[in-house]
Amino acid sequence: MIDPANLLAIVLMAFVTYLTRIGGYILLRNRSLGPRAMAVLEAGPGCVLIAVIAPVFVSDQPSDLIALALMVIAATRLPLLPTVIVGVGSAALLRHLIA
Amino acid sequence: MKPPRPHSRDAAGQATTWAQCCAGAMASLPMLFGLVPFGMVLGAQAVQKGLTPVEVPLMTGLNFAGGSEFAALGLWTSPPHLLLIMAVTFLVNSRMLVMGAAMTPFLHHLPKRKVLPALFLMTDASWALSMAQMRQRAALGIEPAFSLAYYMGASLVFYAAWVGCTTLGAILGPMLGHPEAYGLDMAFPAVFLVMLRGMWKGLRRAWPWAVSLAAAALTYKLAPGAWYVAAGAVAGILAAVIWAPAPPAARK
């Protein structure tokens, strides 16, 4: 049921992942930060979020680009769940229409 | 039945632990639109790559970071290349170094023995929910701004959903279709966009995001694999360093 090589790979993955989870905390726990470091920490999270979804912005599917535009508009004025529904709904619809 | 009240307070003006936990769990629900189908797809993919339905929850339960699991499974062989799997896992998850660092200034009131286990459950989604809530609480003058109960409420929902759905996907495997056909892969971008709006502090502060987006998009087009997340984040952070506001008094 459990292959030793797979188990080893899974355990190593889990170890590396946990290090990334605690690394920032361990390094910065006992330090007070200057304004420059605070500016980085303020900008960093947004940079990560937008980098993760960057592939959608350069999609070669017109349907996905239109859905993204609708989503951006929705995100600036609607709460979370309606925005998700706009994104998922428009992508599903447009992908069927523009095949 | 009254709807849940995420901001119910006790006499001291603090939301109770249980209320915070429920608020976190409720806030996590919209994100399950994206998580559930992709968990099922990941489980199905893992079985195709030769993992057993026992190994799948082992991976998703111990590692618990979907992006790295998709990336690792894309490179999975029998037996797997350990160094390659570790490097890809680190690359995809390196953003969590930044995320953990960003959260650390708000964790000083908690002992290390609580923070270290709690960080095991940190995901993009639970972290972003907590950061958004911290901003609200800080604006209302609530101390401490970080609520461990809220974070745990959201995190545990994601954990249960992720391990559950990937296992289900491993068992149901071949019966599943493509979640892209239903647009479900757009749920995460939608969630992230709303979170970015929550972090918005004017156009000037958002320049690093634009740099990050451009660098990530370019890297995504030009380089294979998951390099684009790291490239975008590093470029954006460099931009933030360069454009950092000079006088400390001018901040906030």
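Two residues are in contact here if their C-beta atoms, placed from the backbone, lie within 7 Å. The model is predicted: local features need pLDDT of at least 70, side-chain atom pairs count only at pLDDT 80 or more, and totals for chains, interfaces and linings use all residues. Residues are numbered from 1 along each chain as its sequence is written, while chains are lettered from A and ligands numbered from 1 in the order in which they are written.

**Chain A**

Select chain A. Its secondary structure comes to five helices and zero strands, where helices (H or I, at least four residues) and strands (E, at least two) are DSSP runs numbered from the N terminus. The order from the N terminus is α-α-α-α-α. Of the 99 residues in chain A, 42% are buried. Buried stands for 20 or more other C-beta atoms within 10 Å of a residue's own C-beta, with these atoms placed from the backbone.

**The A-B contact**

Show both chains. The contact takes 60 residues from chain A and 78 residues from chain B. On the chain B side, helix α10 (residues 187-199) gives the most, with 11 residues. That side divides into 59 nonpolar, 12 polar and seven charged residues. Nonpolar covers Ala, Val, Leu, Ile, Met, Phe, Trp, Tyr, Cys and Pro; charged covers Asp, Glu, Lys and Arg; the others, Gly among them, are polar.

**Helix α12 of chain B**

Next select residues 227-242 of chain B, helix α12. Its 16 residues reach 23 Å from first C-alpha to last, close to the 22 Å expected, which is 1.5 Å times one less than the number of residues. Its buried residues include B:Tyr228, B:Val229, B:Ile237 and B:Ala240. What do the buried residues of α12(B) pack against? In chain A, they pack against α2 (35-52) and α3 (54-57); in chain B, against α5 (82-93), α6 (95-103) and α11 (203-222).

**Domains of chain B**

Colour chain B by domain: domain 1 is 17-199 and domain 2 is 201-245, with bounds from an automatic or database domain assignment. Their centres, taken over C-alpha atoms, are 22 Å apart. Seven residues of domain 1 of chain B are in contact with five residues of domain 2 of chain B. On the domain 1 side, α5 and α6 of chain B are the elements that give two or more residues, and α5(B) gives the most, with three residues.

Definitions and conventions. A residue is buried if 20 or more other C-beta atoms lie within 10 Å of its own, exposed if 12 or fewer, and partly exposed in between; C-beta atoms are placed from the backbone.
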